[in-house]
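Please look at the sequence and the model below before reading the points that follow.

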Amino acid sequence: MATTSKQYKAIGEDIWKGRTEKINAELFALTYGALVVQLIQDYEDYAEVNKQLEKMGYNIGTRLIEDFLARSAIGRCADFREVGEVVAKVGFKSFLNITPTVVHAAPPPPSPSRSSNPPHSNTAGASFTLTLDENPLAEFVELPEEALEGGLWFSNVLCGVLRGALEMVQMQVQATFISDVLRGDETTEIRVTLTKYLEEEVPVGDD
Amino acid sequence: MSHHLFLLSPSDTPLYNLTHYSSKPAQPTSTSPLASNLPSWSTSAFAGTLTALSGATSATQAHHVQGGTVRIGGGQDRHVIQMIANASLDVIEEVVRKESIMYLKSVDKFNEWTVSAFVTPGNMKFVLLHEARNDDGIKTFFNEVWELYVKTMLNPFHTAHTPIRSPVFDARVRASAKKYL
């Protein structure tokens, strides 16, 4: 019996409500903003800042997944499609109290000379796109000209968190921003693409 | 009828200014040629300020201003405005030392220009030059500008006490001016 989307929403809501330690949203936004501005001053190259934000997010994600699995007690996801649902409705809800909308995309079909298997949601290349209508990290932020031209993705830490967390559950993904309202686009969207499933690796020197 | 708004940091550095031409009908005060919006002023305009009919001037300020200005030549309307604003800073500071309210109604009057001021808890001074009485409107306007200013300060990319160049802030202040002034 697959967990329905409504049930995921309810689970997410419960975890959020059950958290005893919450942080003031303004303080959170100001802290993150100060962090980004400091990185910009230190590296002076927006591409590098994007990379560093992603790296920081990766480190956060690898630790965050443990907390998430402990609180949510959600079992293994059947396919990548379900991963997208859980991330959006339970993950984002329980940590940021936002529920981005998810749009799934099947992987591009393999070339005709290869196997005749139709694209499945578990093959490499499957992806989902998260559309955030509100972004608590970017309250009050207005990007200056140089940041716009330099290609800064202000909330790139989120991409890193997704990559780190999913890697810990044996999925190698690529998460990137497609658009951002801070840059003048209509919506803020993150695309998460599955690269491959990771094999369980036996730790070296165990016998 | 025009309004001039200046935002000044605690160290009196100008951070933002705006000139707003109100489309509301002017109050029945004495109209003078200065009520028009023509940017090309000549020396006669300044002379017009001196000989304007409306009301009392604060004598010390007027003398101070007269002594200070010697810039003759076209287009010093801007200079006159700035002088008036700067001259009122002393008065503002005196009032602030005595009372601790935010909205100081009209602190100074120079011929037909009244200066109203608003001092934020962070010691930012908002100075508005206007010709007509409009206490309620101006008070609401100042409060809105204060809110917009606070939001700008929360932007991590904005350094405190530097000139405000955000186009969003500019657009919103203009809209607010249109609404209340």
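**Notes on chain B**

1. Strands β3(B) and β4(B) make a hairpin with 2 residues between them, and in its turn B:N111 has a positive phi of about 50 degrees. Strands here are DSSP runs of E with at least two residues, helices are runs of H or I with at least four residues, and both are numbered from the N terminus.

2. This is a predicted model, in which local features need pLDDT of at least 70 and side-chain atom pairs count only at pLDDT 80 or more, while totals for chains, interfaces and linings use all residues. Residues are numbered from 1 along each chain as its sequence is written, and side-chain values use heavy atoms, with hydrogens and water left out.

3. Strand β3 of chain B (residues 103–110) runs antiparallel to β4(B), to which 6 bridges join it, and B:K109 has B:T114 as its bridge partner in β4(B). Two strands count as paired if DSSP finds at least two bridges between them.

4. On to the next strand: 6 bridges also join β4(B) to the antiparallel strand β5 (residues 125–130) of chain B, where B:F126 stands opposite B:F118. β4(B) and β5(B) form a hairpin with 5 residues between them, and B:N123 in that turn has a positive phi of about 70 degrees.

5. How many residues of β4(B) are buried? In this strand (residues 113–119), 7 of its 7 residues are buried, that is, under 20% relative accessible area with a 1.4 Å probe, counting protein chains only. Both faces are covered, with B:W113, B:V115, B:A117 and B:V119 on one side and B:T114, B:S116 and B:F118 on the other.

Conventions
Chains are lettered from A and ligands numbered from 1 in the order in which they are written. Buried means under 20% relative accessible area, exposed over 50%, partly exposed in between (1.4 Å probe, protein chains only).
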